[in-house]
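Student: I have a structure open and would like to go through it with you. Could we begin with the overall picture and then turn to the details?
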Amino acid sequence: MGRVVSRAAVPRQAGYHPIHILPCLQRIAGFRAKSGQLPCAGHIIALRDFVLINFRILRENSQGSECAITMIKIASRMDRLGTESAFEILAKAQALAATGKSIVNLCIGQPDFPPPAHVIEAGQRAIAEGHHGYSAAPGILPLREAISADLHRRFDVAIDPSNITVTPGSKVALFFALQMLGEIGSEIIYPNPAYPGYESIIAFSGATPVAYPLSEATGFSFDADDVLSRITPKTRAIILNSPANPTSGILDRGELDRLVKGLEQHPNIAVVSDEIYSRIIYDGHAHFSLLSYESLRDRLILLDGWSKSFSMTGWRLGYAVWPKALVEHAVKLAINCHSCVNNATQFAGIAALEGPQDTVQAMVTAWSERRNIIVKGLRELPGVRCTMPAGAFYAFPNISGTGFSSANLQSRLLNEEGVALLSGTSFGSLGEGYIRLSYATSTEQIEEALHRINRFLVDNMETRRAAAVA
Ligand SMILES: Cc1ncc(COP(=O)(O)O)c(C=O)c1O
């Protein structure tokens, strides 16, 4: 092997952080793979010294504590999995609260009411009556029948209970659907900004996430032609979400009709319709379910659940309606993943669907009032404008007029004012210029948050203006 002037740069200084050893080794290996040659002797010696010095530092510093370098080989698909910032910000807010800081929490998408009393009783009764064992993997039949009856009542559709599987939250059904449809070399179309699970789980499946924009100008609905124009021979599925997280927009019926018409030319493309907020809808709007399109039935996956509508986020109960061709795969995934949903919870799910709906109505009425308060307050803030949410329980104001980036505003409001909310970029790149505030919290908390945000913006925007003039 001839002499090579290698470019596999090796940091020489002692005390360089040990975690950098691996990238360094990878660069050496990369150099070798590219050139087919080893780095020069000087670099190899430098690398040896560097490794020895840093392992000594590591050994001295890590007595009794966990080692900073993992030798475990982790599957590369893990690098494609994202996360939900709501949980990270919540943890930060809780950590700040633990230090005594006053925190107003508007970051988590979780109802602030208890589940209906008859639902809790049904769950307790199921435990008392001995429902402790595994149930059928797709869910107990009476629950799937109750779901079918509920869908018939609400949307006048006939769904065979054998097409339904019950999952520990609708998120699990979403995960299953995208693992069934996506693989390396395929594409899945999804909204942006949107629930972060879409992009993350598509990427995890190996498929390429292809975003379509939801724009403020159209009330955060989509343009059917724009979505259809993103279809390629690699497209496997399109995800729709209405009412939507984080925008609280609902999809325009005319655009939906045009999308479904356009999809007639693409009979091999599945549609995943996430309707988890379908019961939380304001101003007399009625939710329009994608189940209503008979022509989509053999390729529609409908997702819904109890988390938001019945205030049961921690019970982990959701479901999917699958086309015939996919049910057996959904059941196989359930068997391999969670076996079945908590047995007693499924009885509570029946009570929620079949019992009185007045608690759900009362929650929606309360959120509607809070929506009016938060939107009015946001619209009065300097540099902020806000569309009126049509469903769900999130305000998604445009903050581009404040001069702050979304992430900067999120972090400064948390650290300086103790207001926990989410940057629009937690929901995709097109969330820049927006923040998300959940108003599933008390009116007092909402008013306190508005007061603090106003104080922050007035102080800081004036400081910035003065700096700009000077
Ligand atoms: C749009 C959307 N889909 C799905 C989920 C998951 O809900 P769950 O798994 O609790 O049913 C959420 C939760 O925030 C959501 O906002």
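Student: How many helices and strands does the protein chain have?
Tutor: This is a predicted model. The secondary structure of its protein chain comes to 14 helices and twelve strands.

Student: What percentage of the residues in the protein chain is buried?
Tutor: Of the 470 residues in the protein chain, 42% are buried.

Student: And what share of the contacts with a separation of 6 or more is between residues 24 or more positions apart?
Tutor: Such pairs account for 72% of those contacts in the protein chain.

Student: Let us move to the ligand. Which residues are closest to the ligand?
Tutor: The ligand is surrounded by 13 residues, and the closest are G169, S170, K171, N245 and S307.

Student: How does that shell divide by class?
Tutor: Nine residues of the shell are polar, two are charged and two are nonpolar.

Student: What is the length of helix 6 from its first C-alpha to its last?
Tutor: Helix 6, residues 170–181, reaches 17 Å, close to the 16 Å expected at 1.5 Å a residue.

Student: How does helix 6 cross helix 7?
Tutor: The axes of helix 6 and helix 7 (residues 197–205) come within 9 Å and cross at roughly 40 degrees. The crossing is right-handed. On the helix 6 side, K171, L174, F175, L178 and Q179 take part, and they meet G197, I201, I202 and S205 of helix 7. By class, that contact has five nonpolar, three polar and one charged residues.

Student: There is another crossing, between helix 4 and helix 11. At what angle do their axes cross?
Tutor: Helix 4 (residues 117–128) and helix 11 (residues 343–354) cross at roughly 145 degrees, with axes that come within 8 Å. Helix 4 contributes H118, V119, A122, G123, A126 and I127, while helix 11 contributes N343, A344, T345, F347, A348, I350, A351 and A352. Ten residues of this contact are nonpolar and four are polar, with no charged residues. The crossing of helix 4 and helix 11 is right-handed.

Student: Which elements do the buried residues of helix 5 pack against?
Tutor: They pack against helix 11, strand 2 (164–167) and strand 8 (318–321). The buried residues of helix 5 are L143, R144, A146, I147, S148 and L151.

Student: What span should helix 5 have?
Tutor: At 1.5 Å a residue, the 15 residues of helix 5 (residues 141–155) should span 21 Å, and the end C-alpha atoms are 21 Å apart, which agrees. Just after helix 5, D156 takes a positive phi of about 55 degrees.

Student: Where does R316 lie, and is it buried or partly exposed?
Tutor: R316 is in the loop between strand 7 and strand 8. It is partly exposed, with 19 other C-beta atoms within 10 Å. R316 is not a glycine, yet it has a positive phi of about 55 degrees.

Student: And what is the phi of S339?
Tutor: S339 has a positive phi of about 70 degrees, although it is not a glycine. S339 lies in the loop between helix 10 (324–337) and helix 11. With 11 other C-beta atoms within 10 Å, S339 is exposed.

Student: Turning to peptide bonds, which residue is joined to P243 by a cis bond?
Tutor: That residue is S242, and omega is about -15 degrees. A cis peptide bond also joins N245 and P246, with omega about 10 degrees. P243 is in the loop between strand 5 and helix 9 (253–263), and P246 is found in the loop between strand 5 and helix 9. N245 is also one of the closest residues to the ligand.

Note on methods:
Residues are numbered from 1 along each chain as its sequence is written. This is a predicted model: local features need pLDDT of at least 70, side-chain atom pairs count only at pLDDT 80 or more; totals for chains, interfaces and linings use all residues. A residue is near a molecule or strand if its C-beta atom, placed from the backbone, lies within 6 Å of it. Ala, Val, Leu, Ile, Met, Phe, Trp, Tyr, Cys and Pro count as nonpolar, Asp, Glu, Lys and Arg as charged, and the others, Gly among them, as polar. Helices (H or I, at least four residues) and strands (E, at least two) are DSSP runs, numbered from the N terminus. A residue is buried if 20 or more other C-beta atoms lie within 10 Å of its own, exposed if 12 or fewer, and partly exposed in between; C-beta atoms are placed from the backbone. Two residues are in contact if their C-beta atoms, placed from the backbone, lie within 7 Å. Axes are lines fitted to C-alpha atoms, for helices over the stretch in contact, and angles run from 0 to 180 degrees between N-to-C directions. A crossing is left-handed if the near helix is turned anticlockwise from the far one by less than a right angle, and right-handed if clockwise. The expected span of a helix is 1.5 Å times one less than its number of residues.
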